[in-house]
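Dear colleague,

Please find below the structure that I am handing over to you. My notes on it follow.

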Amino acid sequence: METFIQQLVNGIVLGAVYALVALGYTMVYGILGLINFAHGEVVMIGALVALAVIKPLAAAGVPLGLLLPLGLLVAVCVCMALGAAIERIAYRPLRNAPRLAPLITAIGVSIVLQYSAVLIWGRTYHAYPELLPVTPMEFGGARISVAQIVIVVLAGAVMAALLWLVHRTRLGRAMRATAENPAVARLMGVNVDRVITATFVIGSALGAVAGVLVSVNYSVAHYQMGFMLGLKAFTAAVLGGIGNLAGAMVGGLLLGLIEAFGAGYIGDLTGGVFGSNYRDVFAFLVLVGVLIFRPSGLLGERVAERA
Amino acid sequence: MNTPFRLIALSAASVLVLAACGKQEAASGGDVVRIGMASPLTGPQSHIGQDIKNGALLGVEDLNAAGFEIGGKKVKFELVAEDDEANPSKATTVAQKLVDSKVAGVVGHFNSGASIPASKVYADAGIPQISPGSTNPRYTQQGYATTFRVVANDDQQGPAVARYAIDALKTKRVAVIDDSTSYGQGLANAFEATVKAAGVEVVSHEHTTDKDTDFAAILTNIKAKNPELVFFGGIDTQAGPMAKQMKALGITAKLMGGDGIQTPKLLELAGGAADGTIASIPGLPKDKMPGGQAFLDKFKKRFGVGVELFAPMGYDAVHVLAEAMKRAGSSEPAKYLPELKKTNYSGVIGPIAFDDKGDLKNGPITINVVKGGKWDVLETVIPGAAAPAAPAAK
């Protein structure tokens with residue numbers, strides 16, 4: 001039972017991060033029908049930018065409690081600018097091109113970002129300072145650290161804020177209108193270009209938050225960290241129904257749980273035939289399964305509006 | 001089915017041999033002997049790769065300064081260093097590049113996953129290869145006459161650290177994790193086989209990858225099985241976060257591993273959670289090597305940084321190659337290779353001799369532990385020696 005609860009905690013923490021990143025994919029897809037494969041790299045840049053801010057500040061004697069908010073703030077700002085720049089430079093000129101063109105551009109942007117990170121920060125694994133207390137707390141036999149609680153709470157808060165933005169504000173209404181039909185939205189006086197830029201900016205901000213949280217939790221950051229995380233988050237977005245906000249959250253959480261329980265129990269369930277080396281396979285098995293049996297994802301059909 | 005490929009390989013090899021012959025004439029005019037060096041000079045393991053390169057470079061400089069003679073003629077050694085990025089496919093490209101630049105011998109690679117595929121390229125070209133750090137047993141078991149190493153392999157390292165777990169720690173229950181690389185799996189399997197043979201219960205064998213940083217799921221599973229020791233076959237970039245996550249999950253078992261985790265990087269990544277981590281490392285402690293202290297000082301003076309780990313092996317590998325050339329009176333690979341097999345050299349790391357596979361005979365292994373944020377020597381094991389487990393004089 002203890003193990004079960006612990007795996008549940010592991011899964012929720014992992015899932016919260018997947019959900020945050022998945023939102024970035026799903027928002028862009030909802031509006032443009034484009035899969036922004038560079039999103040994982042934005043997450044990585046967020047983590048490394050925050051580290052670049054935190055390290056000198058820590059050396060200068062800034063109190064521990066301020067480091068994380070400051071790092072987050074700078075990372076979010078940099079990634080917002082980065083998101084807007086990516087959209088403006090790489091995707092806007094291709095807005096009316098065949099769908100394959102922006103997809104390939106996305107992969108190109110991803111490579112550019114990865115190797116820019118190599119040039120700036122090198123290929124080494126960077127140790128992240130301990131920004132949050134590591135002493136874990138016990139809940140029903142399971143252990144959860146402050147960092148993990150912060151991840152789940154912050155991810156939840158950010159997602160709630162996003163839902164509020166999309167459903168309760170003018171910008172959100174413009175986003176939903178653009179998602180439904182850009183041409184008509186334009187006729188109704190919506191500045192479609194601005195809405196699209198805003199979508200990238202918001203998605204990138206969420207990615208930056210996810211990147212910093214992941215690095216704080218595992219206390220390590222490196223230039224390749226965005227790749228696998230991005231693929232998993234993309235899977236989560238498809239699982240929940242790509243283009244659907246609630247779907248990305250549900251998909252992220254589900255995927256985190258599937259991985260935790262999968263890696264934790266498969267060895268014992270199959271008598272050692274399959275082991276935890278199949279962990280990454282679960283995510284992609286889920287992706288294949290969803291694409292075959294329910295291409296629109298879990299929540300893809302039931303909820304009509306997208307953002 | 002194999003024939004067309006072998007034909008191509010054969011013809012490629014013969015072209016290379018021809019090319020090498022052409023070069024030989026040119027070389028005898030200029031008296032320059034090129035030694036190849038390949039290791040990860042960039043990437044997560046660049047600190048180790050640079051260390052090997054510096055060691056080899058120092059070796060070449062020392063030989064040149066001493067006016068080394070082959071066949072009665074003074075020669076000048078030149079080091080050709082290449083970056084294999086710890087990547088198997090890059091390793092073969094780099095190996096081909098070294099072969100093409102007519103090196104007489106190669107010091108490298110570091111990673112087993114790089115040394116093994118590269119060894120075929122060198123073997124086809126007939127160029128001797130001495131690895132300073134690859135410990136996977138398979139490296140020397142492929143039947144190539146050109147593969148050598150100056151470190152103990154995992155068949156020696158895995159059992160040595162396993163013996164420590166059994167004899168000194170009296171461990172009864174262990175969990176094993178590997179990182180799915182040839183190094184990590186080789187080490188983990190050698191460890192597992194030894195502890196099993198001694199009646200220790202292996203409660204689970206989990207797997208991760210050399211890119212992952214999230215081990216919560218497998219560690220939770222391991223915690224439920226309550227082992228006294230967790231053995232990890234892999235390197236520091238995973239072991240660091242792993243040590244932290246073990247502590248966070250409240251796992252009291254000790255973390256144990258091989259030379260891949262016995263680095264300063266582990267201390268940096270794991271922080272306080274590294275305390276108590278035990279790791280074996282081929283070779284004697286740096287300052288306990290026969291030529292140790294003098295080498296450390298010379299190295300520091302030349303490069304301004306301390307020795308990380310494998311620089312002495314790189315240094316000795318260069319000398320072993322040069323000595324074999326001297327005895328053969330030629331730097332031609334085909335001529336000095338038989339002499340290389342008969343090596344009996346006393347280097348910085350101690351006596352160097354090869355068995356018939358090219359493995360280091362009686363390579364010593366040191367067991368270390370993290371104490372107060374630093375690696376500390378526990379004891380030294382000499383496999384095959386009559387009285388093993390001689391405690392380190394400390």
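How many residues does helix H5 of chain A have, and how far does it reach from its first C-alpha to its last? Helix H5 (residues 146–168) of chain A has 23 residues and reaches 32 Å, close to the 33 Å expected at 1.5 Å a residue; the expected span is 1.5 Å times one less than the number of residues. Helices (H or I, at least four residues) and strands (E, at least two) are DSSP runs, numbered from the N terminus.

This is a predicted model, in which local features need pLDDT of at least 70 and side-chain atom pairs count only at pLDDT 80 or more, while totals for chains, interfaces and linings use all residues. Residues are numbered from 1 along each chain as its sequence is written, and chains are lettered from A and ligands numbered from 1 in the order in which they are written.

The buried residues of H5(A) include Ala147(A), Ile151(A), Ala155(A), Met159(A), Leu162(A) and Val166(A). A residue is buried if 20 or more other C-beta atoms lie within 10 Å of its own, exposed if 12 or fewer, and partly exposed in between, with C-beta atoms placed from the backbone. Among the elements that cover these buried residues are helix H1 (2–32), helix H8 (192–218) and H10 of chain A.

H10 (residues 245–269) of chain A also packs with helix H9 (residues 225–240) of chain A: their axes come within 7 Å and cross at roughly 120 degrees. Axes are lines fitted to C-alpha atoms, for helices over the stretch in contact, and angles run from 0 to 180 degrees between N-to-C directions. H9(A) and H10(A) are therefore oblique to each other, given that angles under 35 degrees count as roughly parallel, over 145 as roughly antiparallel, 65 to 115 as roughly perpendicular and the rest as oblique.

Turning to the interface, 28 residues of chain B are in contact (C-beta atoms, placed from the backbone, within 7 Å) with 28 residues of chain A. On the side of chain B that touches chain A, strand S9 (201–207) and helices H7 (216–225), H8 (236–248) and H9 (264–270) each supply at least two residues. H7(B) gives the largest share, six residues.

Finally, Ser330(B) lies in the loop between helix H11 (311–328) and helix H12 (333–341) of chain B. Ser330(B) counts as partly exposed, with 18 C-beta neighbours inside 10 Å. Ile70(B) is 260 residues from Ser330(B) in sequence, yet their C-alpha atoms are 6.2 Å apart.

With kind regards

Terms used. Contact = placed C-beta atoms within 7 Å.
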